[in-house]
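Dear colleague,

I am passing on the structure below, together with some notes on what was found in it. Please read the notes with the structure open beside them.

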Amino acid sequence: MKRFIVFIKKETLQILRDYRTMLIVILMPAVQIVLFGFALSTEINNIDVAVYAPIRNNTINNISNRIASNSYINFKGYLNNAQEINHAMKSGETDIVIAFSRHIDEVEAGAMPAETSVEIIADASNPVSAKTATGYVSSIISGNLAETAGASNPIKIEPHMLYNPQLQSSYIFVPGILGFIILIICAMITSISIVREKETGTIDMLLVSPVRPIVIVGAKLVPYFALSCVNLATILILAKYLLDIPMQGSIVLICGISLLYIIMSLAFGILVSTISKNQIMAILICAVVMIIPVIMLSGLIFPIENIPVALQYLSCIVPARWYIEAMRILMIEGQPFSAVLKQTVILSSMTVIFLFLAIRNLNKTMR
Amino acid sequence: MNENIIDIKNLTKKFGAFTAVNNISFSVKKGEIFGFLGANGAGKSTAIKMLCGLSRPTSGNGTVAGFDILCEYEQIKSRIGYMSQKFSLYDDLTPMENITLFGGIYGLKRKDIANKASTLLENLGIADKSKQLVQSLPLGEKQKLAFSISILHNPQIVFLDEPTGGVDPSSRRKFWEMIYETASKGITVFVTTHYMEEAEYCDRISIMADGEIKTLGSPQELKNNYMATSIDEVFRKIATKAIRN
Amino acid sequence: MNTLSFLLEKEFKQFFRDPFMPKMVIVFPVIIMLVIPLVANLDFKDINICIVDNDHSGYSRLLSDKISHSSYFVLKHTPQNYKEAKQLMDEQEVDIIIEIPYGFEKELIRNEIPQIPIVANAVNASKGASGASYLTQIITETTGEFAQNNGIADSPAELLSVHNLYNPTENYRHFMIPALMVMLIIIVCGALPALNIVKEKETGTIEQINATPVSKIMFTFGKLIPFWIMGMFILTIAIFIAKIVYGLSPAGSVWIVYANAFLFTLTISSLGLIISNYSNTMQQAMFIMFFFIMIFILMSGLLTPIESMPEFAQMITRFVPPRYFIEVMRSVYLKGSGIADVYPSFVWLGCFTIVLTAIAILSYRKRS
């Protein structure tokens with residue numbers, strides 16, 4: 001035990017001495033959570049809309065006014081010919097052009113024209129935004145036309161957004177970014193520091209001593225664990241007080257599962273270090289190869305249930321997926337422990353597996 | 001015509017509050033083997049790095065090969081060779097590839113490089129290993145290779161920083177044979193070492209301690225001045241007064 | 001120029017000799033291009049829905065029918081009451097609940113304005129909102145149809161037609177693929193240069209180079225050109241996979257894509273080298289580069305639309321070079337835009353290239 005503490009002291013000193021790295025490791029997650037928490041949103045707004053009108057009448061003016069006053073839409077003014085429409089769309093200046101035909105006069109006169117009198121031309125490069133945007137625009141137009149025609153919408157639909165009435169995108173992104181940052185930083189910092197000792201050969205000095213490899217590696221983890229706890233605390237505090245993430249559920253539970261996740265990530269870092277030949281390889285595995293699967297297959301941005309079934313199975317081995325799920329259930333929905341039992345069990349078994357593999361590899365490669 | 005190929009006046013290098021090199025002045029004559037002696041941490045490497053344009057002096061001035069070390073350091077670099085304390089050729093390249101690379105950087109033609117390389121590898125006795133990666137060579141061979149590469153472009157001076165660190169006495173002797181051979185071609189050799197017996201091989205030596213040059217002269221002169229039988233004894237007499245060590 | 005050829009020769013030999021890197025440069029883009037387009041999907045389909053039908057009328061049957069036949073929804077359950085439905089939602093069984101109140105049809109026929117509550121799980125805001133808006137659309141349509149059948153009113157919707165340009169099959173993958181190519185280049189051509197010079201610092205080889213008269217420009221270009229070639233190589237792999245596997249080829253000129261990638265690769269590799277120049281250890285370099293990679297991926301409009309960001313974040317994206325690259329890639333790939341349409345992005349990217357390359361050259365210090 002005494003030896004263990006000596007080693008912890010040595011590791012802590014080394015970390016504190018490299019203040020540049022420490023500063024980065026502590027500041028980076030804070031900056032990222034704030035920036036991404038505020039910036040990332042999948043809500044469709046700021047739709048750029050222009051109008052093409054071969055003639056002008058009250059209907060067109062009314063519709064343009066409504067468009068211009070809609071908070072989701074930026075009205076870009078009138079276009080004069082097909083060429084202008086084409087350029088505006090291709091250069092991305094507008095997302096939607098509302099093109100009126102001359103038949104719009106007949107509508108104003110109260111008749112039902114035989115041909116379509118309004119065409120909504122949408123940039124459907126992004127089909128999802130396009131669908132939502134054309135939905136907004138067409139409901140404005142048809143509402144207006146219906147008023148002109150004297151009809152009314154006979155039904156009142158009351159959508160009720162449970163857990164997130166203001167539709168804050170940050171509710172889904174903050175737990176996601178939390179899971180992502182912790183995993184990558186913990187894995188990167190432990191694997192690189194162990195592999196560096198392998199490269200410089202200092203680890204050999206430690207290994208010829210009678211101390212078992214597990215003690216040496218364990219001692220390395222303690223200060224990094226402490227550092228990760230600092231990160232976790234920073235992120236949770238920023239999330240609650242700056243980003244207004246609700247934290248409905250038990251804070252003890254949120255922290256408990258997060259600590260489990262930190263231990264798992266550190267164990268994963270050791271595992272990477274045992275299979276890496278050099279620092280670059282450790283870095284590439286943790287930071288390059290892992291970034292994409294973790295962003296893509298953890299439900300951070302793209303919902304798991306939206307991806308093909310085969311890949312849903314693949315996503316089961318991405319630990320961040322389970323952690324992020326658990327955090328969303330606890331923070332946003334505020335459900336009790338029973339709701340995250342599955343996630344906790346899976347994370348615990350992953351931790352055990354990573355630790356087991358890491359220790360086995362350590363004993364094999366370092367002896 | 002100035003006979004001195006290196007002329008240094010009041011050169012100082014500070015790292016924060018720490019003065020690594022404190023106000024040193026000396027000159028080296030063309031064609032000499034000039035030894036720079038001192039314990040580890042005496043400031044030898046820092047001094048050599050300032051002469052080679054790898055480190056900016058805090059104050060002082062001087063010339064190397066006729067160029068100012070303060071502003072014309074890039075011109076100096078094409079006229080000198082440098083071999084660092086820590087082996088610094090590319091481990092993941094072969095000897096041949098290292099030769100080609102540095103030959104190329106110094107502006108040699110590919111044909112000349114190929115010619116020089118084959119005689120060089122022959123002389124070093126590693127012609128059969130020219131396709132192995134450098135990392136598989138023993139340290140003594142790596143050092144000789146690094147030295148050969150540093151004089152590939154026929155520099156006026158070659159700076160060797162602790163060139164024989166960590167190898168056995170017989171390899172060291174062979175290395176010094178190469179140094180003599182180099183000097184015989186008219187290349188000035190500036191060498192740092194902490195092996196005192198190596199100092200006897202130099203034309204002139206200076207002994208550094210605490211970032212300062214404590215004494216300078218031919219080995220015989222120093223022994224006479226300090227009434228010692230060997231340079232080692234001279235060094236010990238100086239070193240006992242040193243603070244750092 | 002001669003010197004440059006020697007430096008390049010060295011970089012390539014080192015690269016191909018590495019046990020891991022050449023494999024990564026080939027395998028990584030292939031896997032990403034094969035797998036990620038299937039994942040990167042914000043087009044919500046198969047939303048799990050349950051209907052609480054208190055009305056048991058012709059209208060409610062028509063609506064249930066429409067919902068279960070819609071491609072957006074999977075009708076999972078028909079619970080007896082709202083409490084049961086809420087229970088299902090808490091168990092993550094269903095994402096959206098629609099409750100048809102008792103007497104709904106009657107009110108509709110009497111031309112009163114009946115209410116119909118929808119409850120969506122909005123933890124994922126965009127999923128909740130999409131679900132609610134698809135459902136609203138279906139209800140409106142159904143009601144219109146019902147009204148017409150019963151002779152109550154007729155709808156003005158026929159006056160309106162929607163015309164979707166550029167992505168006629170409305171395939172979200174086609175929207176993501178050009179951006180994923182950018183992501184590949186960001187990760188590979190950003191991370192590797194960031195590690196490159198600092199590795200030479202750690203092994204000490206940089207000192208030998210610094211003692212030679214090699215010029216800063218030559219040295220920096222000796223480092224940049226291999227990454228530039230690597231970027232073009234990765235892009236080419238990606239373009240081929242996009243064509244063969246997903247049947248997507250640029251609607252515009254492929255040369256604009258390459259010209260743009262040319263500038264971008266230099267920009268991002270220069271940034272990597274700058275970080276490498278200022279770092280003392282690979283660990284430092286990697287953390288800083290990781291920070292930038294994250295910002296580049298998340299703030300460039302790659303995954304979430306820039307227009308959806310708040311004002312200050314939109315300002316920040318102006319200084320995120322991949323933003324411009326992604327805009328051009330998507331425009332050229334999907335809209336067939338030409339130089340005249342996208343030149344502002346080109347100009348911005350060009351400025352970044354010049355500035356960052358210049359900093360990369362100047363920040364390489366041969367003398368400490």
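Two strands pair if DSSP finds at least two bridges between them, and the helices (H or I, at least four residues) and strands (E, at least two) are themselves DSSP runs, numbered from the N terminus. This is a predicted model, in which local features need pLDDT of at least 70 and side-chain atom pairs count only at pLDDT 80 or more, while totals for chains, interfaces and linings use all residues. Residues are numbered from 1 along each chain as its sequence is written, and chains are lettered from A and ligands numbered from 1 in the order in which they are written.

Let me begin with the strands of chain A. Strand 1 (residues 47-52) of chain A pairs in the parallel sense with strand 3 (residues 96-100) of chain A over 4 bridges, and in this pairing A:Ala50 has A:Val97 in strand 3 of chain A as its bridge partner. Strand 1 of chain A also pairs in the parallel sense with strand 2 (residues 73-79) of chain A, over 5 bridges, where A:Ile47 stands opposite A:Ile73. With helix 3 (residues 58-69) of chain A, strands 1 and 2 of chain A make a right-handed β-α-β unit; right-handed here says that, with the strands pointing away from the viewer, the path from the first strand over the helix to the second runs clockwise.

The loop between helix 3 and strand 2 of chain A holds A:Tyr72. Is A:Tyr72 partly exposed or buried? A:Tyr72 counts as partly exposed because it has 17 C-beta neighbours inside 10 Å; a residue is buried if 20 or more other C-beta atoms lie within 10 Å of its own, exposed if 12 or fewer, and partly exposed in between, with C-beta atoms placed from the backbone. Leaving aside its neighbours within four places in sequence, A:Tyr72 is in contact (C-beta atoms, placed from the backbone, within 7 Å) with A:Asn45, A:Ile47 and A:Tyr136. A:Tyr72 and A:Ile47 are 25 residues apart in sequence, yet 6.2 Å apart in space from C-alpha to C-alpha.

As for how the chains meet, 89 residues of chain A are in contact with 89 residues of chain C. Helix 6 (residues 127-149) of chain A gives the most to the chain A side, with 13 residues, and that side divides into 53 nonpolar, 26 polar and 10 charged residues, where Ala, Val, Leu, Ile, Met, Phe, Trp, Tyr, Cys and Pro count as nonpolar, Asp, Glu, Lys and Arg as charged, and the others, Gly among them, as polar. Between chains B and C, 26 residues of chain B are in contact with 19 residues of chain C.

Finally, a nonpolar core is a set of buried Ala, Val, Leu, Ile, Met, Phe, Trp, Tyr and Cys residues joined through C-beta atoms within 7 Å. The largest such core has 194 residues, and A:Ile184, A:Ile283, A:Ala287, C:Ile185 and C:Met286 touch the most other members.

With best wishes

Key
Two residues are in contact if their C-beta atoms, placed from the backbone, lie within 7 Å.
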